[in-house]
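Here is a quick tour of a few local features worth a look. Keep the viewer open and follow along.

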Amino acid sequence: MEQDSLDAQTPTILLADRQMGAVIESLLFVSGRPLQRGELRKLIGVDEEHLTAALAALEYYLESQQRGIRLQRLGDQVQLVTAPEHARYVAALLGLPMTAKLTPAALETLAVIAYRQPMTRSQIESVRGVNSDRALASLIQHGLVAEVGRAQTVGRPALFATTAEFLQQFGLTSLEQLPHIKPPEAHAEDEEQPKEQESEE
């Protein structure tokens, strides 16, 4: 009975996708750097749909088998990284600090960028309501945020977004894994609900 429920939870992965996923794993391992999805499509001769299915198969396999590596996706880039749960062992081997020491202002700035990226400096400050130069400089220095382009507005201000290092530091394999946050309107509705029920009584 338990096996039936496990089988029901396991996604249907075609053998061809698993094999293609293994090819991608080999390419990422040998490259030692992030590869663009376009590079992968060209190297293995598949279209975007088949590449997406193969990446999903590889990602599922690495996680379900509790392997020591994970597939990390950031924008158009794909790479292999160490499993987040093994971070302290890797840090000990390399003599690295476990996490970057960030001020509350830097953490707040990082959260704003993570959920609304890419953003200009003025957009970040508009959300926070304060000057964010120092916090942004700290995030860039720690490699958690980087300039990713220029906005198509007057003056063409720089656009900032989180990096692959950000994902690794916070134990994520993609931005889709960020905790879901309710918009402020939803919180307001939740708070008003009990009051309405009380008045009805």
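Predicted model: local features only at pLDDT ≥ 70, side-chain atom pairs only at ≥ 80, totals over all residues.

Let's begin with the loop that joins helix H6 (104-116) to strand E4 (119-120), which is where Pro118 sits. The peptide bond leading from Gln117 into Pro118 is cis, and its omega is near -5°.

Gln66 isn't a glycine, yet its phi is positive, at about 55°. You'll find Gln66 between helix H4 (48-64) and strand E2 (69-74), in the loop. Its relative accessible area is 67%, so Gln66 counts as exposed, the cut-off being over 50%.

Arg156 is the other one: again not a glycine, and again with a positive phi, here about 45°. The loop in question runs between strand E5 (145-150) and strand E6 (158-162). Is Arg156 exposed or only partly exposed? With a relative accessibility of 40%, Arg156 falls in the partly exposed class, because that class spans the range between under 20% (buried) and over 50% (exposed).

## How H6 meets H8

Two packed helices are described by the angle between their axes and the distance between the axes. For H6 and helix H8 (residues 133-141), the axes come within 9 Å and cross at roughly 75°.

Which residues make the contact? On the H6 side they are Ala105, Ala106, Thr109, Leu110 and Ile113, and H8 brings Ala135, Leu136, Ser138 and Leu139. Sorted by class, the contact of H6 with H8 comes out as 7 nonpolar and 2 polar residues, with no charged ones.

## The second largest pocket

H6 turns up again here. Rolling a probe the size of a water molecule over the atoms shows where empty space is left. The second largest pocket has a volume of about 160 Å³. Its lining is made up of Ala111, Val112, Tyr115, Arg116, Val127 and Ile181.

Which element gives the most to that lining? It's H6, with 4 residues. By class, the lining of this pocket has 5 nonpolar residues, no polar ones and 1 charged.

Key
Residues numbered from 1 in each chain as written. Heavy atoms only, no water. Helix = DSSP H or I, 4+ residues; strand = E, 2+ residues; numbered from the N terminus. Buried < 20%, exposed > 50% of the residue type's maximum accessible area, 1.4 Å probe, protein only. Axes fitted to C-alpha atoms, helices over the stretch in contact; angles between N-to-C directions. Contact = heavy atoms within 4.5 Å. Nonpolar A, V, L, I, M, F, W, Y, C, P; charged D, E, K, R; others polar. 1 Å grid on protein atoms, 1.4 Å probe; cavity = no way out; pocket = protein on both sides within 12 Å on 5 of 7 lines; lining within 4 Å. Points joined across faces, edges and corners; volume = space filled by probe spheres on them.
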